[in-house]
Amino acid sequence: MLVEIQNLRIQFPTPNGLSDAVRNVSLTLRQEKLGIVGESGSGKSLTARSILRLLPSYAITTADTLTFDGIDVLRANEATLRAIRGTRAGLILQDPKYSLNPVMTAGAQIAEAWRVHRGGSRKQAEQAAIDLLAQVRIRDPARVARAYPHELSGGMGQRVMIAMMLAPDPELLIADEPTSALDATVQAEILRLIEDLVSRRGMGLILISHDLPLVAHFCDRVAVMYAGRIVEELAASELIRARHPYTRGLLDCLPTLSHKQARLAVIQRDPSWLET
Amino acid sequence: MIDVAALGVRFGETEAVKDVSFQVARGESFGLVGESGSGKSTVLRVMSGLHGDWTGRITIEGEVTAPRRSKDFHRRVQMVFQDPYGSLHPRQTVDRLLSEPLLVHRMDNIERRIMRSLNEVSLPALVRFRYPHQLSGGQRQRVAIARALMAEPDVLLLDEPTSALDVSVQAEVLNLLSDLQQARGLTYVLVSHNLAVVAHLCDRIGVMQGGELVELLSSDDLRAGRTKHLHTAALRELSIELEEPEANP
């Protein structure tokens, strides 16, 4: 088991006492593709980040079990965590504009990631960076390696991010809304690329998004989160038979090309969804 | 009502928009779709007067638009931007944001107009004295729409109005836009990369690629797959493939 989460709870202090951001969440992940879907504030990013203990210091995290490959993340020391973060588990964030260093070339950033995790000479690292850029299907990797982030398009920047995450050969990839800043065509290309790399390298993938059909398309399993809880977990192929009204609502509120609707369905939120 | 003829825009060496022509009737919704960099947002920015350096001819309600536009033009044509986090002044309350266009255009009954417009975009009255950072993304986009409507425009230019929002909030904002159009008889020009969103709101659609308008078609033709240009067909296929959950093997 790559990741095992039992009864995860994440709380934040507020003027009115502790507030639950994530409650009673249990998840397991093998070498497979898991999608976590929910709206802003549903706790999907917090859940994924808790696996790397990347939450703000004032967050209070408790869980019966929270392990990465058998390592107890909650009780591990910083050195153990550093050996996981980046090396064994990579994180891809939404907007490459803010995640890349603007004053380093793309190649230098990938080479740096490669050397930190693997050692080796500067020359080897440079060559590895170009290889990695070729692996994320950049047509002219040598040219892109010399380019600065502002010279790259959004899709290209995201490929550079993915190349950097792949450098240490991780076992788990967490992609947090990796394509929300991109247009539909590039979005599909990037997700196909991630899917392909994950399958070929036998990695585990956690894909976080608010677009349920899109996630279902690229994942094996989908967990739907609402207000900090998992309301439904199902195989991606079973999505059409989703039972929870919130999951149905997420599917029905999307405009589609295949059939015309005069008005879009709006999710009617039921307070009973908050009872666990 | 809107007539764009042979519009061209250059940024240095690159031709961002090449010979783009289309017409939009009063009360109609026209959509522009295309990938990033296809020039669709540039067309919208030229129409709104945000970008001054262009060639061609744009007529809006019989008035040929010159590089320097009249104050009345800026009242009649309003724009809503993609990012509700970036398009509202962070240090102005909603009350101030909404009264600004009224002061600029010397309109009366500020109090009544603000209350009416908050009601129109289904925001509670207590939002009035909040700052943008105290609102959710969907609420902010509603404020941006309310602000655009304050000056009682005829034309609303919408640049990716829902792509920064959650899908559930997107549905609410799209419904709001349809209701407002019916109630006020507005003319919309909507730019988006999301084919389903454009087809939902617009009757006619222009497809852009590399600065050119490669196809003009009705949304019914798009749904039915009666496309002429390869790029339109490719965009349509991708959109249909990704929206069908059962298509997963």
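Of the 276 residues in chain A, 45% are buried, meaning that 20 or more other C-beta atoms, placed from the backbone, lie within 10 Å of a residue's own, against 12 or fewer for an exposed residue and partly exposed in between. This is a predicted model, in which local features need pLDDT of at least 70 and side-chain atom pairs count only at pLDDT 80 or more, while totals for chains, interfaces and linings use all residues. Residues are numbered from 1 along each chain as its sequence is written, with chains lettered from A and ligands numbered from 1 in the order in which they are written.

**Helix α8 of chain A**
- Helix α8(A) runs over residues 184–201 and reaches 26 Å from its first C-alpha to its last; helices are DSSP runs of H or I with at least four residues, strands runs of E with at least two, numbered from the N terminus.
- Its buried residues are A:Ala184, A:Val186, A:Gln187, A:Ile190, A:Leu191, A:Ile194 and A:Val198.
- They sit on the same side of α8(A) because they cover an arc of only 165° around the axis, taken from the directions from the helix axis to the C-beta atoms.
- Turned away from that buried side are the exposed residues A:Asp196 and A:Arg200.
- After α8(A) comes A:Gly202, with a positive phi near 65°.

**Meeting chain B**
- Here 34 residues of chain A are in contact with 27 residues of chain B, contact meaning C-beta atoms, placed from the backbone, within 7 Å.
- On chain A's side, α8, α9 and α10 (245–252) each supply at least two residues.

**Chain A overall**
- Chain A has 10 helices and 11 strands.
- Its C-alpha trace spans about 60 × 50 × 35 Å along the principal axes.

Technical notes: Expected span 1.5 Å × (residues − 1). Contact = placed C-beta atoms within 7 Å.
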